[in-house]
Amino acid sequence: MKNNWDTKYGKWALVTGASSGLGTEFAYQLAQKGLDIILIARRKERLEEVAESIDNNYGRETQIIVQDLSLQDSVEMVKSAVGEREVGILINNAGFGLVGQFHTFENSRVSEMVKLNCVAPAELAHAFLPQMIERGKGAIIFVASTAAYQATPYFSVYGATKVFNLFMGESLWEEYRKEGIDVLSLSPGYTETEFHQVAGNKGSYGAGAAQSHEVVATALVNLGKVPSVIHGKWNRFLAFSQKFFPKKFVLSTTGKMMKNMRDTGN
Ligand SMILES: NC(=O)c1ccc[n+]([C@@H]2O[C@H](COP(=O)([O-])OP(=O)(O)OC[C@H]3O[C@@H](n4cnc5c(N)ncnc54)[C@H](OP(=O)(O)O)[C@@H]3O)[C@@H](O)[C@H]2O)c1
């Protein structure tokens, strides 16, 4: 499984939101590829469990940074904690969503979401790109969502934050590919993680739900090959096909789906 990712990109991978779901899986799969991992999230005990598992299973070094990335100056704190470590891969993964009618969201949660989902990824990329450029190698993954492929009534702010990640990844792919830096936007569809509980989404998506390990594998296989990737054939079909329907129809269908998810879990 080790195929010189440390030589290709650099010794350390920095993974935000590493305490659960896709972030934990990014940490495991990158450790398996021979990278040492910087784990960032707010829940220290969870990060310690992930670090222990990385040590036991892959024998890689880890650094834990307990940090709320929605806070002002959080990226400065991360940068100083990372110090001289060579960050070869940055995984901008931490994020959350809120399902519901826009005016019912607490204002503080709306700004927290925009800061975590948009400001932190942009600032982290800005912080670590210069050293990647200097070394002529590196990679950045922005975790977007299928919610970025059409507006999402009753998931409004979240969908908009994910458009930011989709476009950031695609733009930086073009800007830095000639400098040896691989940038990718990853768009998962419904994936079984804690995300839905945090978002207030009662839906389960049943057998259609993807598993974190599959989604992360899709990202790592496509890194350096394409600017963006949607996990899963069905999700790719939906993102593509909505272009052929009138906008009003797409908005009302997406809105009904999100409302049902919130209210009934169906
Ligand atoms: N699951 C899905 O269906 C799905 C679909 C499309 C896209 N995504 C995207 O995938 C990414 C990962 O989500 P997930 O599904 O793995 O959800 P998750 O299991 O809820 O994980 C979210 C991670 O973000 C961290 N986080 C939350 N708030 C934070 C903050 N203020 N500061 C630092 N870290 C914070 C959490 O750690 P702490 O709570 O310990 O801080 C956790 O590690 C997100 O960007 C999400 O938008 C998920």
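Okay, let's start with what pairing is: two strands pair if DSSP finds at least two bridges between them.

Quick housekeeping. What you see is a predicted model, where local features need pLDDT of at least 70, side-chain atom pairs count only at pLDDT 80 or more, and totals for chains, interfaces and linings use all residues. Residue numbers run from 1 along each chain as its sequence is written.

Now the big picture. Seven strands form an open sheet, and the order across is β3-β2-β1-β4-β5-β6-β7, with parallel pairing. At the edges you find β3 (62–66) and β7 (228–230); each has a single partner strand, so one side of each has no neighbour in the sheet. On average, neighbouring strands here are turned by 15° against each other, direction ignored. For angles like that, axes are lines fitted to C-alpha atoms, for helices over the stretch in contact, and the angles run from 0 to 180 degrees between N-to-C directions.

I'll keep saying "buried", so here's the rule: a residue is buried if 20 or more other C-beta atoms lie within 10 Å of its own, exposed if 12 or fewer, and partly exposed in between, with C-beta atoms placed from the backbone. In β1, five of five residues are buried. W12, L14 and T16 sit on one side, A13 and V15 on the other, and both faces are covered.

Which strands does β1 pair with? On one hand there's strand β2 (residues 36–41), joined in parallel by five bridges, and L14 has I38 as its bridge partner there. The chain gets from β1 to β2 through α2, and this β-α-β crossover is right-handed. Right-handed here means that, with the strands pointing away from the viewer, the path from the first strand over the helix to the second runs clockwise. On the other hand, four bridges join β1 (residues 12–16) to β4, again in parallel, and L14 has L90 as its partner in that strand.

So, β4 itself, residues 87–92: six of six are buried. I91 has I141 as its bridge partner in β5. From β4 the chain crosses through helix α5 (residues 107–135) to β5, in a right-handed β-α-β crossover.

Moving along, six bridges join β5 to β6 in parallel, and I141 stands opposite L184 in β6. There's another right-handed β-α-β unit here, made of β5, α6 and β6. In β6, seven of seven residues are buried. I181, V183, S185 and S187 point one way, while D182, L184 and L186 point the other. Three bridges then join strand β6 (residues 181–187) to β7, running parallel; S185 is partnered with S228, and L186 with V229.

Next, a helix pair. Helix α2 (residues 21–32) packs with helix α3 (residues 44–58) at an angle of about 25°, their axes 10 Å apart. They therefore count as roughly parallel, the label for angles under 35 degrees, with over 145 as roughly antiparallel, 65 to 115 as roughly perpendicular and the rest as oblique. T24, A27, Y28, A31 and Q32 in α2 meet V50, I54 and Y58 in α3, and contact means C-beta atoms, placed from the backbone, within 7 Å.

Most residues other than glycine have a negative phi. D73, though not a glycine, has a positive phi of about 70°, and so does Y154, also at about 70°. Are they buried or exposed? D73, in the loop between β3 and α4 (74–82), counts as exposed because it has 8 C-beta neighbours inside 10 Å. Y154, in the loop between β5 and α6 (156–176), has 22 inside that distance, so it counts as buried.

Definitions and conventions:
Helices (H or I, at least four residues) and strands (E, at least two) are DSSP runs, numbered from the N terminus. Two residues are in contact if their C-beta atoms, placed from the backbone, lie within 7 Å.
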